Amino acid sequence: MLRLEARPEPSRPMVVLTPIIAVFATMVAGGILFAILGTNPFVAIKIIFWDPLFNDMVASYTRPQLLVKAAPLILMAIGLSFGFRANIWNIGAEGQFIMGAVVGGGTALALYPLDSVLLFPLIIFMGALGGFLWAMIPAFLKIRFNANEILVSLMLVYVAAQFLAAMVTGPMKSPVGMGFPVSRNFSEYQSAFNSELLSNTGLHFGVLVMMAIVIVGYIALTRHIFGFQIRVSGQSARASKFAGVNPNVTIALCLGISGALAGLAGLFEVTGPAGKLSTNFPLGYGFTAIIVAFLGRLHPIGILLAGLLMALTYIGGELAQFQLSIPAAAIQVFQGMLLFFLLGVDILVNFRIRWKSTKEAL
């Protein structure tokens, strides 16, 4: 029988190369998928990975859009990386993303039509607070009752989605929305609108915040005592206590940081690219951010690059759907392959496959 045997010391070069190998494996498997669907795989891969960057007809628009698409993914992935490094598994960033949008956007709608320069900073704070408080639910249950944060945070995603639906069909429903379950359009509410910083690029304030968070995250995780405490907690909870680390404080901080950053991402999305709250506002960013976090090896710089890569598959995937009529589901499968191959290659880097006879197994 086959069994996995832990390697004494995983190869450092292979640990670094794992994401690159996963990307190339995804291209190969994705090409096979596209061929099965009757599409030229080389053309499909070119459109997804090359055209958004170098095709003269679309690149002037799609290049800045990479940052716009990547910003919420990177914000959430950096927040998640704090917890993942400490073995605290927040799988509910999608729900925190939604609640940040609802609380921050709802604050703006409650003050409509206030025209003040203080409104946008206020709703940024409220967006972060919404995500933070939603993340505190699994944190409290984990600390008080040792509840599994994976299940709690994941189930809260569906609660948040239903709460959003209740808001846009009730208190937040637009009086000028012709009966549709949508909020007011933030593009018509200038003091709360996350407008473009550069004309015709789509770049907004959230992109600048994302860049700042990458720098702060890098310092916190690699140059600060807090990052050391997180690493110690992840390696051994018992050893962390001897190092003076309170595990309950670590749980609360890691989940709180990830929730606040997810809430910020939701706020910037609803007041910018999305423009309004609706029943289909959740875009799957929270779950995709998990892929980005692991593809970036839980390192802020790696997450930045992984977020840009994932954004490239989003934009290139949309081009492929338009130009080659590839189904949206096939593009989603292609994106999911990244995590599948990353985890698969990771296993082979950290473990070796051994054949063990039935007698030896007994």
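A salt bridge is a side-chain nitrogen of Lys or Arg within 4 Å of a carboxyl oxygen of Asp or Glu. By that rule, the whole structure holds 5 salt bridges. This is a predicted model: local features need pLDDT of at least 70, side-chain atom pairs count only at pLDDT 80 or more, and totals for chains, interfaces and linings use all residues. Residues are numbered from 1 along each chain as its sequence is written, and side-chain values use heavy atoms, leaving out hydrogens and water.

**Strand to strand**
- R352 pairs with E5 in a salt bridge, with 3.4 Å between the closest N and O atoms.
- R352 sits in strand β2 (residues 351–355) and E5 in strand β1 (residues 2–6), so the bridge ties together parts 347 residues apart in sequence.
- Strands (E, at least two residues) and helices (H or I, at least four) are DSSP runs, numbered from the N terminus.
- R352 is partly exposed, at 23% relative accessible area.
- E5 is partly exposed too, at 25%.
- Buried means under 20% relative accessible area, exposed over 50%, and partly exposed in between (1.4 Å probe, protein chains only).

**Helix to helix**
- E318 and K69 form a salt bridge at 3.4 Å, N to O.
- E318 belongs to helix α13 (residues 300–324) and K69 to helix α4 (residues 59–85), so this pair links parts 249 residues apart in sequence.
- E318 is partly exposed, at 41% relative accessibility.

**Loop to helix**
- R297 bridges to D346, the closest N and O atoms lying 3.1 Å apart.
- R297 is in the loop between α12 (285–295) and α13, and D346 is in helix α14 (residues 328–350), so parts 49 residues apart in sequence are tied together.
- R297 is partly exposed at 29%, whereas D346 is buried at 17%.
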